[in-house]
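Dear colleague,

I am passing on the structure below, and after it I set out what was found there. Please read the notes alongside the coordinates.

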Amino acid sequence: MVPNPGRQIAWQNQLRTNQQVFSDNAAQYDRRRRRRNRGRPASGLAGVLKLLLLVAVVVLLAENPGLRAELWTFAQNLGAYVQGLWADTRNG
């Protein structure tokens with residue numbers, strides 16, 4: 001059977017179009033990802049507020065040993081729960 005040159009050209013054109021669409025989509029994804037600035041530390045007012053919140057939590061926990069113990073127990077229970085979920089997920 002002799003290949004149809006018109007069909008082969010159409011196939012090659014469709015392949016080029018698909019490659020161009022894929023490339024455009026990848027470039028658009030990269031632009032969106034760069035715009036979000038993930039991974040960069042917070043700056044300005046947001047960074048200052050996060051720092052103040054962290055200092056307030058540390059001071060509160062340092063002054064109240066009962067609260068510190070309750071929070072530690074909660075963190076341990078939450079960790080055990082997450083590990084159990086992870087084990088269930090891995091075992092199917």
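In this predicted model, a nonpolar surface patch of about 600 Å² is formed by Leu71, Phe74, Leu78, Tyr81, Val82 and Leu85. One of these residues, phenylalanine 74, is part of helix H3, and it counts as exposed because its relative accessibility of 52% is over the 50% that this class requires.

At the start of H3, a side-chain oxygen of asparagine 64 comes to within 3.3 Å of the backbone nitrogen of glycine 66.

Turning to the whole chain, the protein has 3 helices and 0 strands, and its elements follow the order α-α-α from the N terminus on. Of its 92 residues, 2% count as buried, while the chain exposes about 8,800 Å², of which carbon and sulfur atoms supply 61%.

As to confidence, the mean pLDDT of the protein chain is 83, with 88% of its residues at 70 or more. Among the elements, H3 has the highest mean pLDDT (89), whereas helix H1, residues 5–36, has the lowest (84). Where pLDDT is low, the predicted coordinates should not be read in detail.

With best regards

How values were computed. Residues numbered from 1 in each chain as written. Predicted model: local features only at pLDDT ≥ 70, side-chain atom pairs only at ≥ 80, totals over all residues. Heavy atoms only, no water. Polar contact = N/O pair within 3.5 Å; in protein donor to acceptor, adjacent residues only side chain to side chain. Helix = DSSP H or I, 4+ residues; strand = E, 2+ residues; numbered from the N terminus. Patch = residues over 30% accessible without salt bridge, like charges linked within 9 Å, V, L, I, M, F, W, Y side chains within 5 Å. Areas by Shrake-Rupley, 256 points an atom, 1.4 Å probe, with all protein chains shown as cover. Salt bridge = Lys/Arg side-chain N within 4 Å of Asp/Glu carboxyl O. Buried < 20%, exposed > 50% of the residue type's maximum accessible area, 1.4 Å probe, protein only. pLDDT = per-residue confidence, 0-100.
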